[in-house]
Structure formats: structure tokens, C-alpha cells
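Please consult the sequence and the structure shown below.

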Amino acid sequence: MCLNKMDESIKKTHPEKRLMKFICKNLYYLGCGQYWYESIDRSKFETTIYVLWAIITNVYLYGIIVNECLGHLRSNLTIKERNDLIQFTCAHPSIGLKFIILFIRRDQVKYMLKRLLEGTRSIFSSSDIDKASTQKAVFYCSTLMITTYSTLILTDLEAVIAYYKEGLPIRTEVTYYPKSVDTVAAKIFRFFIELHWWFFVTIMIQVDCLCYCALVYMSFKFKALQVYFEELGKIFSNPDKRSRKEIEKEFKEAFIVGMGLHEDTLDCAKTVQSTLGAIYSIQIFESLSLIVMCLVKLVHAKRNLMFLLADLSYITVMLVLTGVYMMVSGDITHEAYELSTSIFHCGWEMSNNRDIRALAVIAIQRSQVPVYMTGLGLIKLSYANFISVVRSSYSFFAVMY
């Protein structure tokens with residue numbers, strides 16, 4: 001009961017924290033480890049059971065991926081199976097690598113989350129901005145979930161139709177074993193292979209949602225800074241019978257605090273980039289290669305309605321996965337750039353204090369330095385580069401054919 005009341009309280013006062021805690025909890029229950037920065041008391045028995053659960057889930061997760069890679073040794077695959085095998089053995093190891101990187105950097109993730117969610121909150125926060133950032137993060141996460149699970153459903157339906165029309169075994173992932181489903185053991189193993197894709201994708205969604213939320217919250221930290229500086233002008237408009245000297249002193253102190261908040265936000269952006277940069281680098285590589293593969297399948301594979309729907313929905317998932325990373329990172333760049341305008345209109349011109357004017361110049365110059373999230377250490381994540389990534393995939397396909 002106390003936990004429920006606490007969650008309800010967090011929902012009202014800190015919705016960003018509640019959403020991120022929910023995602024970290026999902027990752028924990030899926031056997032991916034603990035990413036939440038607050039300590040949670042668990043008994044020795046619970047810890048032991050969890051370690052066993054994590055070992056089982058990860059052996060299951062990566063064991064099937066190895067089984068998929070070994071599928072290339074099979075010589076009795078159909079053209080469709082071979083195309084699917086190439087596609088999945090490109091996608092699944094790269095997604096699995098994202099999980100491994102996140103686990104290796106779990107301490108960095110905890111530090112990043114604490115800075116994002118707690119950081120300077122005691123100095124300045126806005127409930128309206130908290131709600132807006134949470135709504136935006138939920139929208140992106142929901143879009144990813146809907147498109148991804150729709151693809152899984154359509155792919156499973158395609159496999160079921162192929163079973164009834166052509167007598168092919170129902171399968172989505174092509175593996176080395178079992179080569180047939182003649183025995184009961186093979187059928188049971190095949191069931192767990194089919195379940196693997198759903199389990200694997202569910203973890204992928206949680207990992208990407210964690211990254212989405214971190215990037216969205218980062219952009220709204222710059223938005224909160226804009227609000228902070230815009231509200232500084234109220235110090236001059238509400239003098240409250242204070243002397244001019246007292247008002248200017250208060251403004252100067254508040255302005256210096258704002259400059260400190262800006263430096264902390266810039267440093268927080270560097271923390272997000274260093275922690276998650278490798279993950280969205282992998283995503284760019286994965287999307288480029290898989291979109292090309294899906295286009296190739298459209299050319300060579302035997303077409304029917306379910307195949308077209310499944311393949312196009314797969315392309316949509318790749319576009320959503322990469323597009324959200326690119327667009328949210330572009331929002332960070334945009335909001336960081338807009339901060340200079342907010343500082344310029346903060347009311348510094350109403351002061352005759354030369355120190356305040358000098359601070360304003362320094363703050364504006366500092367805020368005009370672009371803030372970028374980068375992938376592969378080269379590609380700036382932005383709206384324009386998202387179009388470039390999609391176009392380059394199509395151009396590569398056009399050159400091949």
C-alpha cells in the first residue's frame with residue numbers, strides 16, 4: 001500500500017521519474033539487470049533467485065541468436081528462409097550488442113538517470129514541463145511498441161498462411177536446430193524459438209524506450225532553462241518596495257544561478273552522449289543495412305498481401321526506431337540554440353549594472369555553441385540527417401539494382 005501511494009505521489013510531482021522507473025523495472029524483471037539509481041532492499045534469497053533468472057534468460061536470449069547464426073550452415077533452406085536468415089542474423093546480433101553495451105555501462109546509466117531526474121531539480125523545476133516531456137516520451141514509446149508488435153503479428157500471420165497454403169512449418173526465426181518438427185522435442189524447441197522473438201523484441205523496446213526518454217528529458221532540460229531565464233524579468237517588474245540596488249543584486253544572483261544551471265545542463269548532455277552514444281550508433285548501422293535488405297526482399301521474394309504488409313511494417317519499425325533517435329536529438333540541438341534568445345530577453349537591459357551586462361554577453365555566447373548528439377562519432381543526429389540516412393539506404397539499393 002505504501003509503495004502504491006508513493007508511486008501516485010511521484011506520478012503527480014515527478015512524472016518523468018515515474019516513467020523512467022517503470023522502464024528500469026521492466027528491464028530488471030526481463031533479466032537485464034538493475035539500472036535504477038535508487039537502492040532497493042532485497043533479501044539474499046530474492047537476489048539469488050534473480051541471478052538464476054538472469055542467467056537463464058540471457059542463455060536463452062543469446063543461445064537462440066547463436067543457433068540462428070549457425071543456420072547459415074544449412075543447405076536445405078528455401079529462398080525465403082535464406083533471405084529471412086540473412087536479415088535476422090544482421091539484426092539480432094546488433095540488437096543483442098545494444099543490450100550488452102547497456103549492461104556494461106549500467107553504472108553510467110544510473111549516474112546519467114540521477115543527473116537527468118534529480119540534478120538541479122531542487123534549484124528549479126516546472127510541473128508543466130515535466131508533464132509535457134512525459135507526454136512526448138510516452139508518445140514515442142507507444143509508437144515504437146505499436147509498430148514493432150504489429151510487425152511481429154503480421155510476420156506470424158504470414159507464417160501461418162504459408163503453413164496452410166504450402167505446408168511449410170510455422171516459423172519466424174530460421175535456426176540450425178531443429179531442422180524439422182517431426183518429433184515432440186523438436187516441436188517444443190520450435191515453440192521456444194518462436195517465443196524468443198517476442199521476448200527479444202520486448203527487451204529491445206524497453207532499451208530503446210529508456211534511450212528515448214533520456215533524450216526527450218534532455219531536450220526539456222534546455223526548455224526548462226528557457227523558462228527560468230524568461231522569468232528573471234519578473235524581478236524588475238515586481239520591485240515590492242525594494243531599492244534599485246537590492247533588485248539588481250537579486251537579479252545578478254539569480255542570473256549567476258542560471259549560468260550554473262546552463263553549465264550543468266551542458267555537462268548532462270555530454271553524460272547522455274557518452275552513455276548512450278554507442279547504442280544509437282548501432283541503431284543507425286542496423287537501420288541502414290536492414291532497410292536495404294527489406295527493399296531487396298521486395299524485389300526478389302514471391303509477393304503476396306501478407307508478405308508486403310509484413311515487409312513494409314518491418315521497414316516502418318526501422319524508420320521509427322532511427323527516426324525517433326534523430327528527431328529527439330534534433331530537438332536537443334534546437335532547444336539548446338533557442339536558449340540564447342531566452343537569455344537575451346531575460347531583462348538584463350533594465351539594469352545599469354555593468355557586471356550584469358558582461359554576464360549576459362558571456363551567457364549568450366556560451367548558449368550559442370551548438371549541442372549535438374552524434375552517432376558513430378561522425379553523424380549528427382538531426383531531422384536533416386534522418387532524411388539523409390533514409391535517402392542513402394535507397395541510393396545504395398538503387399546502385400545495386
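## Packing of H3 with H4

The angle between H3 and H4 (residues 79-104) is about 150°, and their axes are 10 Å apart. Axes here are lines fitted to C-alpha atoms, for helices over the stretch in contact, and angles run from 0 to 180 degrees between N-to-C directions. H3 passes H4 in a left-handed crossing, a term used if the near helix is turned anticlockwise from the far one by less than a right angle, with right-handed used if clockwise.

On the H3 side, Leu 61, Tyr 62, Ile 65, Glu 68 and Cys 69 take part in the contact; on the H4 side, the partners are Leu 85, Phe 88, Thr 89, His 92, Pro 93, Gly 96, Phe 99 and Ile 100. Contact means heavy atoms within 4.5 Å. The residues of this contact of H3 with H4 comprise 9 nonpolar, 3 polar and 1 charged (Ala, Val, Leu, Ile, Met, Phe, Trp, Tyr, Cys and Pro count as nonpolar, Asp, Glu, Lys and Arg as charged, and the others, Gly among them, as polar).

## Basis of the model and overall layout

The model is predicted: local features need pLDDT of at least 70, side-chain atom pairs count only at pLDDT 80 or more, and totals for chains, interfaces and linings use all residues. Residues are numbered from 1 along each chain as its sequence is written, and side-chain values use heavy atoms, with hydrogens and water left out.

The chain has 12 helices and 2 strands, where helices (H or I, at least four residues) and strands (E, at least two) are DSSP runs numbered from the N terminus. Read from the N terminus, the order of elements is α-α-α-α-α-α-α-α-α-α-α-β-β-α. The C-alpha trace spans about 90 × 60 × 30 Å along its principal axes.

## Packing of H4 with H7

The axes of H4 and H7 come within 11 Å and cross at roughly 50°. That angle makes H4 oblique to H7, and H4 passes H7 in a left-handed crossing. H4 contributes Phe 88, His 92, Ile 95, Gly 96, Lys 98, Phe 99 and Leu 102 to the contact, while H7 contributes Trp 197, Phe 200, Ile 203, Met 204, Val 207 and Asp 208. By class, the contact of H4 with H7 has 9 nonpolar, 2 polar and 2 charged residues.

## An aromatic pair and a cis peptide bond

Rings of Phe, Tyr and Trp (its six-membered ring) pair if their centres lie within 6.5 Å; planes under 30 degrees apart count as stacked, over 60 as edge-to-face and the rest as tilted. By this rule there are 19 aromatic pairs. In the pair of Tyr 60 and Phe 192, the ring centres are 6.5 Å apart and the planes stand at 85°, so the pair is edge-to-face. Tyr 60 lies in H3 (residues 44-70) and Phe 192 in H7 (residues 184-231), so that the pair links distant parts of the chain, 132 residues apart.

Tyr 177 and Pro 178 are joined by a cis peptide bond, with omega about 0°. Pro 178 is placed in the loop between H6 (127-166) and H7.

## Packing of H10 with H11

H10 (residues 305-344) and H11 (residues 354-367) pack at an angle of about 165°, with their axes 8 Å apart. This makes H10 roughly antiparallel to H11. H10 passes H11 in a left-handed crossing. Ala 336, Tyr 337, Leu 339, Ser 340, Ile 343 and Phe 344 of H10 meet Ala 360, Ala 363, Ile 364 and Ser 367 of H11. The contact of H10 with H11 has 8 nonpolar, 2 polar and no charged residues.

Definitions and conventions
Parallel < 35°, antiparallel > 145°, perpendicular 65-115°, else oblique.
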